[in-house]
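Okay, thanks everyone, I'll keep this short. Let me put the thing up on the screen and then walk you through it.

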Amino acid sequence: MDFNTLLLRLGIDSNNFINKLNEPIVIENGFLYDVEQSKEDRTCPYCHSEESVIIGYYYTETNCSESENINDKLRIKRVRFRCKECGKTFSPPIKGIDRYSTISKQVEQFIINDYTKRLTFAQIADKYGLTKQRIIQIFDEKVKYLPRRNMPRILCIDEIRFSEELDQNYCCVLYDFELKEIVDIIRNRRIPFLRYYFSSISLKERENTKVFISDMYDGYATVCNSYFPNATHIIDRFHVITQLTRAVNTLRVNTMNMIKDDKDYTPYYNFMKSNWKLFLCREEQIPDKKYVYMKTGEIFHYDELVYSSIKLSEKLWTGYLALQDIFHFSYFSTYEETLDYIEHLSNKLKNSNSELLKRVGDTFHSWRFEISNAFTKEAKINKYSNAIAECINNQLKTIIKSAYGYHNFERFRKRAMMILTYSKKDT
């Protein structure tokens, strides 16, 4: 291969070297190339005199792979000069390799490209034969700032657990519902952090957001009311149903404990314990099959056992009916009709004999306007939900877990956005 062509493939300027090509030495996963630095550039970087003399040579090795799967090295015979005018010594720089660096700029670019892939810093380090700390150092040097996306038309907001430190225990994540990507990650979900962040965004940009989707955290309601004047606040239906589902499941356990020592109800106890999901799903999803109680050989239909078990407790029966009611809710065309339905459901729970259901009813009443927005016909047509947030949250947790946790929030924010947002081809 021609000398200039070789150096060009390795991402190095051939003018740095004397034009002579030695046979490459085979090394593990690649080749070792020997080159000698040119002696023509004798300009002193201190006094700019061109009167310099050679005082010696030394060798350096640089990783300059021409592809991500080949480990090529360039062994350079460097020249050292002494300036006759100022007496200082120097070596001319190599174009394409930073001073004191053991990798070429081409390899450095390969590493930067890998930051957008689902690889840990340790995996990238192993790939290029560098230390993990060096990979992190390159990341901090080259990825100094990563801008957020603009506030989307439909904004989803949620949080993930990040670390044990108080100021970044739960970080807040903003999502674009339509593009299904991260808009930004905020260090903390507490009100002071949220106020500081959103107040720095122009009103004109915030006015573009028309829908604000969140869970039932007071801080998000404050943000929506204070900073998004044109947005309709929607509570994700999943969180609404989860509130009631958890209460019903607790009542199921309480009912089990109530009949635990009664031998007459042993089949019900065993069934409720092993088939708990049937008490939290739609009634039409109960399988059409038989349940055999092995000790006595008694045979029950699943429907029969579910309803008989539920009726053992008035509180469980009330909660189960309310859950089925919300599962089979018919979307109303107007907001007013939906609000009436949510208030009716809230009153039904508040008037029950269960403290658990009463608390759920109080929660529904407190958030009745935002919940009603989630149960309108328009919300169903547009499929407004925080599902995208929950999905990306799982990916964020994987990024944190695979790195055995991040201690530097800014480093985590930049890496997460590079992988989940900026790795897209249209960016």
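Predicted model: local features only at pLDDT ≥ 70, side-chain atom pairs only at ≥ 80, totals over all residues.

In terms of secondary structure, we've got 17 helices and twelve strands. Now, the overall dimensions. For 427 residues, a compact globule would come out with a radius of gyration near 22 Å, and here the chain has 33 Å. If you box up the C-alpha atoms along the principal axes, you get roughly 100 × 60 × 35 Å.

What about burial? Of the 427 residues, 47% count as buried. Looking at contacts with a separation of 6 or more, 59% of them are between residues 24 or more positions apart. The accessible surface is about 22700 Å², and carbon and sulfur atoms account for 49% of that.

Charges, quickly: there are 63 positive side chains and 57 negative ones, and the centres of those two sets sit 3 Å apart.

Okay, zooming in. Find strand E7, residues 170–176, and its partner E8: they run antiparallel, with five bridges joining them. If you want a landmark for the pairing, look at Cys172, which stands opposite Ile186 in E8.

And is E8 itself buried or exposed? Well, that's residues 181–186, and six of the six are buried, so the strand is largely enclosed by the rest of the structure.

Methods
Residues numbered from 1 in each chain as written. Heavy atoms only, no water. Helix = DSSP H or I, 4+ residues; strand = E, 2+ residues; numbered from the N terminus. Rg over C-alpha atoms; globule rule 2.2 N^0.38 Å. Buried < 20%, exposed > 50% of the residue type's maximum accessible area, 1.4 Å probe, protein only. Contact = heavy atoms within 4.5 Å. Areas by Shrake-Rupley, 256 points an atom, 1.4 Å probe, with all protein chains shown as cover. Lys, Arg positive; Asp, Glu negative; His and termini not counted. Charge placed at Lys NZ, Arg CZ, Asp CG, Glu CD. Pairing = 2+ DSSP bridges.
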